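Reader: I would like a close look at one part of this model, the place where the ligand is held. Please take me through the surroundings slowly.

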Amino acid sequence: MKKLIAPSILSADFCCLEKEIKAVEAAGADYIHIDVMDGHFVPNITVGPLIVEAAQRSTTLPLDVHLMIESPDRYIDDFAQAGSTILTVHPEACRHLQRTLACIKDKGVKPAVALNPSTPLCAVENILEYVEMILIMSVNPGFGGQQFISSMIPKIKKLKAMLEEAGVNIPIEVDGGIIVDNIAQVSAAGADIFVSGSGIFKTGDYKKTISEMKRKIAS
Ligand code: DX5
Ligand code: ZN
């Protein structure tokens with residue numbers, strides 16, 4: 001499976017969001033990761049469909065929209081219409097996860113599930129056929145710039161084995177604390193898509209950082 005880099009605009013300069021998105025696109029980004037937070041599911045509040053729609057007009061890259069919100073069902077329509085390519089939800093926020101995933105798919109968007117560091121893999125075990133990507137959170141969601149939780153490495157390996165055993169060929173995305181220095185280890189564990197916010201946007205040279213990341217995940 002192709003390995004992809006997904007810069008999280010959470011750490012971008014929102015004064016010039018279009019410029020920031022275009023800069024990471026030119027630097028080799030594969031997806032644009034957008035973190036939606038509601039102040040309930042996570043302590044922080046960030047952006048909504050308005051920014052997804054603006055991002056969609058700023059780039060041709062797929063928009064990887066990570067919903068850290070309670071009862072995301074209420075907003076699936078809005079985020080689909082705004083141009084989301086992938087909509088990722090957390091099981092704790094969905095009373096009927098399979099129904100939520102089916103609703104996302106119904107809107108022509110790829111459904112994905114995110115697992116918090118303490119959420120076990122069995123949360124997705126019975127709904128694998130309805131999900132097109134699984135996101136392993138390697139920090140507790142809510143903020144950029146946190147440190148990678150190293151016990152997520154064996155969790156990624158375990159998920160990889162679980163997917164192989166089930167004969168399910170979907171990508172594993174990892175989100176939180178990914179930087180040039182640890183991306184090779186995350187990749188070796190079995191990750192396919194690497195979200196990085198501060199690890200890209202807080203370095204001055206996006207092209208150099210993304211190229212280095214790509215070199216490390218290719219080797
Ligand atoms: C955390 C978000 C992440 C965050 C990653 O709640 O889901 O996508 O932006 O930021 P870094 O890479 O700085 O940990
Ligand atoms: Zn995220």
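Author: What follows describes the ligand, its neighbours and the pocket.

This is a predicted model, in which local features need pLDDT of at least 70 and side-chain atom pairs count only at pLDDT 80 or more, while totals for chains, interfaces and linings use all residues. Residues are numbered from 1 along each chain as its sequence is written, chains are lettered from A and ligands numbered from 1 in the order in which they are written, and side-chain values use heavy atoms, with hydrogens and water left out.

Around ligand 1 there are 20 residues, and Asp35, Gly142, Gly145, Asp175 and Ser198 come nearest. A residue is near a molecule if one of its heavy atoms lies within 4 Å of it.

Some polar contacts (pairs of N or O atoms within 3.5 Å) can be listed. An oxygen atom of ligand 1 lies 2.7 Å from a polar backbone atom of glycine 145. At 2.7 Å from an oxygen atom of ligand 1 there is also a side-chain N or O atom of aspartate 175. For glycine 197, a backbone N or O atom is 2.8 Å from a ligand 1 oxygen. Taken alone, ligand 1 exposes 380 Å², and the protein buries 100% of that; such areas come from the Shrake-Rupley method with a 1.4 Å probe.

Strands are DSSP runs of E, at least two residues long, and helices are runs of H or I, at least four. Strand 2 (32-37), strand 3 (63-68) and strand 8 (193-196) each supply at least two residues of the shell around ligand 1. Strand 2 gives the most, with 3 residues. By class, the shell has 7 nonpolar, 11 polar and 2 charged residues, with Gly counted as polar.

Ligand 1 sits in the largest pocket, which means that more than half of its atoms lie within 2 Å of the pocket's grid points. About 250 Å³ of space lies in this pocket. Of its 25 lining residues, the closest to the centre are Phe143, Gly144, Asp175, Gly176 and Gly177. A pocket is an open set of points on a 1 Å grid where a 1.4 Å probe fits, with protein on both sides within 12 Å along at least five of seven lines, and lining residues have an atom within 4 Å of a point.

Key:
A polar contact is a pair of N or O atoms within 3.5 Å; within protein, one must be able to donate a hydrogen and the other to accept it, and residues adjacent in sequence count only if both atoms are side-chain atoms. Grid points are joined across faces, edges and corners, and a volume is the space filled by probe spheres set on the points.
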